[in-house]
Structure formats: structure tokens, C-alpha cells
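Biologist: I would like to learn how to read a model of this kind, feature by feature. Where do we begin?

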Amino acid sequence: MSELPSTLAEAPPAMGPADAPALPRLLAGITAHGAMTLEEHFALHGPLPIVRGGGRKRGREHAAMLISEIERSGLLGRGGAAFPAAKKMRAVASSRGRAIVLANAAEGEPASLKDRTLLETLPHLVLDGGVVAAEAVGADELIVCACESAQAAAESMASVIEERGSGSSSSGHSPRLRMTSVPGNYVAGQESALINYLGGGPAKPMFTPPMPFEQGLRRRPTLISNVETLAHIALIARHGAPWFRQLGAPTQPGSALVTLSGPVAHQGVYEIEHGASLASLIDAGGGTTTRVRGALLGGYAGSWIGAERLHGVALSNEHLAPHGASLGAGVVLLLSEQACPVAETARVARWLSDQSSRQCGPCLHGLDALAGTLAEIAAGTAQPRAAQRIDRLASLVARRGACSHPDGSANLILSAMEAFGAEFDDHAQHGPCEGCARPPELPLPVRPIAEDSSRKPLVRQ
């Protein structure tokens with residue numbers, strides 16, 4: 001099975017992020033020797049400006065100010081759904097009971113390495129964001145949830161939690177900090193699945209309501225935020241909403257981490273300004289090594305765009321919407337012209353079906369039927385009107401079940417059939433092509449991040 005080579009994009013040790021509206025922001029100051037130390041973290045970013053004390057009234061006022069600043073920044077969640085971060089925080093803060101914050105780095109997306117990159121190299125930035133979020137929602141506990149396959153990331157985070165527990169906290173009084181490993185299957189990072197697992201159950205999505213902000217872990221209000229979202233919160237708390245909005249698109253301000261893979265000279269994690277061109281990201285990765293047939297945006301719940309439509313594509317949800325795509329989990333995956341998109345789609349569709357929790361009809365039966373029909377098309381053994389069967393099956397699985405896994409899987413398949421319609425028609429009529437015999441290109445499963453840190457980040461466009 002194909003794996004995803006990983007070269008970490010290294011930021012030059014230039015000015016601190018408050019000095020100019022340029023990139024890198026999140027990736028500022030990373031080094032090749034491992035995680036940034038607390039001393040290095042303070043030298044680059046300064047202390048976290050959180051003031052506790054002053055009574056309950058002042059605490060509530062300060063929390064409301066923090067959430068309002070996040071709201072003014074326009075920060076959207078970086079876990080894939082792009083939900084407004086402040087709206088989620090306010091819902092938790094308004095619920096009754098002492099809250100809990102979960103920093104989600106489960107990252108079951110095989111084409112993404114950004115979350116484990118943050119845990120491995122910038123764990124203090126993630127913890128700072130978690131501390132700010134805990135202050136804002138009134139939480140006394142912060143739990144970092146790392147994918148069990150990301151051993152180096154988990155060890156890095158566990159080490160800095162121990163360091164802060166020994167009296168080196170960046171904010172004085174902090175919530176209780178804990179790191180835990182979670183299963184690496186695709187749906188384990190879904191909010192209700194994460195809560196169910198931490199509560200002693202299987203890592204399977206649960207039907208809602210109640211929503212996590214009402215009754216989450218231990219039936220307490222629970223804020224679940226992707227670790228990249230928390231890292232941005234740590235910088236917004238220091239530099240303010242106007243600073244954050246100096247980069248990016250009006251409807252999607254700021255920067256984002258993107259995992260670039262496929263036929264490029266240097267695959268890895270890059271920081272981009274929302275709205276930067278796809279071409280500039282590819283250039284930052286050293287350019288393509290062969291002609292490209294298409295690009296997958298957003299990961300395995302995302303959308304394919306054929307090569308003929310890639311010219312002028314910009315990387316923000318606003319610009320990608322006309323293509324039926326979004327940045328999703330921060331994935332840009334290029335497919336070479338030599339690869340067979342039909343065989344690749346059929347392979348990933350089977351994997352997505354196998355990743356089902358097998359507790360809802362759309363996943364248990366619908367995804368299996370979709371994967372089976374795609375396999376028949378790829379092999380040239382499909383019955384007539386197979387494409388219409390896929391359309392019908394996709395409509396049956398959409399917006400049903402306990403989570404959005406069926407929707408994302410159907411979206412990937414339908415976008416592939418639209419982007420590579422000629423290839424699907426050719427397989428239906430003539431069977432396998434030369435590309436079918438090539439080693440697969442799409443990454444399954446993911447591989448832990450490499451220690452090579454020789455690449456530069458994408459600069460502002």
C-alpha cells in the first residue's frame with residue numbers, strides 16, 4: 001500500500017509573528033532538532049497574556065472578552081468543517097456545568113500530517129491555545145488527543161505537559177493538562193466518537209442530540225477543537241484580531257497548514273495564506289515532477305478537480321466553492337498523469353467502506369455497494385448503467401447515519417466521476433488501462449512524520 005512521504009516545511013528564524021503580516025505564523029521558528037522548547041517558545045512569542053483572579057465577575061468578563069476577540073478574528077475551525085471557532089466556544093461557555101476542552105489531533109485522514117506536525121514541533125503553541133480556550137469557556141481540564149500511530153507526536157506532547165506541570169506554565173494558573181492516545185481509524189476523531197472513546201466506549205460516532213457543548217465527556221459541556229485551531233487561538237490572544245485578519249480572504253482570514261503530496265519535488269506540510277494560488281503552493285514544493293491529471297482538495301471526504309480546471313485555482317473555501325471543493329482538513333493531493341484515477345478511486349472507496357463503524361445502514365450497506373460497483377467499473381466487469389447506480393446509491397447514503405462519513409465518501413466518488421468522466425467511460429467499455437498496473441499513488445495508510453526539515457514555507461502571495 002502507498003504511504004505518504006513527509007518532509008516538514010521549515011520556517012526561517014526571521015522576525016517574530018507580531019512584527020509583520022507575513023508568513024510563517026504557526027510555523028515560525030521551527031527547527032530540525034525536534035520540539036521547540038519552552039524557552040525558545042517564549043523567546044519567539046512572548047508570554048501568554050492571560051490574567052486570572054479578581055473574582056467570579058471579572059473572570060466571566062475576561063472570558064467573554066476572549067471569545068469576542070476570537071469572533072472578531074473570523075477564525076474558522078481547521079478540523080475540516082470550517083465551523084466558526086467563537087460560536088462553538090460561546091455555546092460551551094453558555095452551557096451549565098464545568099467545561100472540558102479536548103484538543104483533537106486524532107487525524108485519521110491518511111493524506112494529512114499537519115496535526116502531528118504541530119504536536120511534534122510546536123506543542124507549546126497548541127497548549128497555549130488550549131489554555132486560552134479553557135479560560136474562555138470556563139474549563140478546568142484540557143485533554144490532548146493524539147492518534148496512536150503518531151508516537152513521536154504523543155511523546156513530544158507528553159514531555160511538554162510534564163514540563164509545564166513542574167511549574168513552567170506559560171500562564172500562571174492553568175487547567176489540568178493530560179495527553180491521551182486514540183485509535184487511528186478514520187472516524188475516531190469525529191466529535192461524538194472521541195467523547196464516546198474517552199468515556200470508555202468504542203471510538204464510534206454517536207447520534208445527537210445531546211450535542212457535545214451540552215453534554216459531552218462525563219456529561220459535562222465539552223469544547224472539541226482541532227489542534228491547529230488552538231494554535232491560531234494562541235496567536236490571536238497575543239496579537240489580536242486585526243493582526244490575524246491582515247492575511248487571508250475576507251470570508252476566511254488568516255493562514256492555514258496544508259499537507260502537499262503527490263508528484264511534487266518536496267512533499268510535506270506548508271503554511272499558506274487563505275486565498276493563495278495553488279500554483280504558488282506547488283512552486284513552494286519545488287514544482288511538479290511530472291504532468292498532473294488532477295488534484296484532490298480537502299482529503300478523502302473532499303473533491304477532485306481535473307487538470308483542465310486547475311489553472312487559476314485559489315486555496316480558500318470561497319474560491320473553491322465554484323469547483324464544489326473546499327480546503328477541508330488542509331489537504332492538497334496531486335495525481336500524476338500516469339496514474340489511473342478509476343483504480344485509485346475504487347481503492348480508496350473500498351478503504352473508506354472498511355473504515356465504517358458498521359452501525360448505520362448508509363455505511364454498512366451503502367458504502368460497501370458503492371465500493372463494489374466502483375471495483376467492477378475499474379475491472380471492466382460492471383453491468384450497464386453502473387454510473388447511474390452510483391448516483392442512486394450516493395443519494396441514498398447522503399445526510400443519514402450518525403456522522404458525515406457516508407456524505408464525504410459519496411462526495412469523493414461523485415467528484416472523481418465528474419473530474420475523470422472520460423476515464424470512467426473508457427473502463428466501463430474497455431476494462432483496465434495501463435495505469436491500473438502501476439503502484440497506487442494515493443496514500444494508505446499514513447506514515448509518521450520524517451525528521452528531514454529542509455524545506456521552506458510558502459511565502460505570502
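Modeller: With a definition: a residue counts as buried when its relative accessible area is under 20%. By that cut-off Tyr 300 and Trp 351 are both buried. Keep in mind that the model is predicted.

Biologist: How many helices and strands does the protein chain have, and what percentage of its residues is buried?

Modeller: The chain has 16 helices and twelve strands. Of its 461 residues, 55% are buried. Among contacts with a separation of 6 or more, 74% are between residues 24 or more positions apart.

Biologist: How many aromatic pairs does a search of the whole structure find?

Modeller: Three. One of them joins Tyr 186 and Trp 351. Planes over 60 degrees apart count as edge-to-face, and here the angle is 75°, with 5.4 Å centre to centre.

Biologist: Where in the chain do Tyr 186 and Trp 351 sit?

Modeller: Tyr 186 belongs to the loop between S4 and H7, while Trp 351 is in helix H12 (residues 341-354); the two are 165 residues apart, and the pair links distant parts of the chain. Tyr 186 is buried, as is Trp 351.

Biologist: What about Tyr 300 and Trp 351?

Modeller: Tyr 300 and Trp 351 are also an edge-to-face pair, at 6.3 Å centre to centre and 70° between the planes. Tyr 300 is in the loop between strand S10 (292-297) and strand S11 (303-306), and Trp 351 is in helix H12, so this pair ties together parts 51 residues apart in sequence. Tyr 186, Tyr 300 and Trp 351 make up one aromatic cluster.

Biologist: Next, sheets. How should I read the pairing of strands?

Modeller: In general, strands of a sheet pair through backbone hydrogen bonds, in parallel or antiparallel fashion. In this structure, four strands make an open sheet with parallel pairing, in the order S4-S3-S2-S5. The edges are strand S4 (176-182) and strand S5 (222-226); each has a single partner strand, so one side of each lacks a neighbour in the sheet. From one strand to the next the twist averages 20°.

Biologist: How many bridges join S3 to S4, and which helices pack on or lie across the sheet?

Modeller: Seven bridges join strand S3 (residues 139-147) to S4. Ile 143 is opposite Arg 178 in S4. Helix H5 (residues 123-137) packs on the sheet and touches strand S2 (99-105), S3, S4 and S5, its direction making about 145° with that of S3. Helix H7 (residues 191-198) lies across S2, S3, S4 and S5, at about 100° to S4.

Biologist: And why would one face of a helix be buried?

Modeller: Take helix H14 (residues 386-397), with twelve residues and a reach of 17 Å from first to last C-alpha, close to the expected 16 Å. Its buried residues are Ala 386, Ile 390, Leu 393, Ala 394 and Val 397. Down the axis of H14, they fall within an arc of 100°, so they line one face.

Biologist: What do the buried residues of H14 pack against, and what follows H14?

Modeller: They pack against helix H13 (361-379) and helix H15 (405-419). After H14 comes Arg 399, with a positive phi near 60°.

Key
Residues are numbered from 1 along each chain as its sequence is written. This is a predicted model: local features need pLDDT of at least 70, side-chain atom pairs count only at pLDDT 80 or more; totals for chains, interfaces and linings use all residues. Side-chain values use heavy atoms; hydrogens and water are left out. The expected span of a helix is 1.5 Å times one less than its number of residues. Buried means under 20% relative accessible area, exposed over 50%, partly exposed in between (1.4 Å probe, protein chains only). The arc is that of the directions from the helix axis to the C-beta atoms. Contact means heavy atoms within 4.5 Å. Two strands pair if DSSP finds at least two bridges between them. Axes are lines fitted to C-alpha atoms, for helices over the stretch in contact, and angles run from 0 to 180 degrees between N-to-C directions. Rings of Phe, Tyr and Trp (its six-membered ring) pair if their centres lie within 6.5 Å; planes under 30 degrees apart count as stacked, over 60 as edge-to-face and the rest as tilted.
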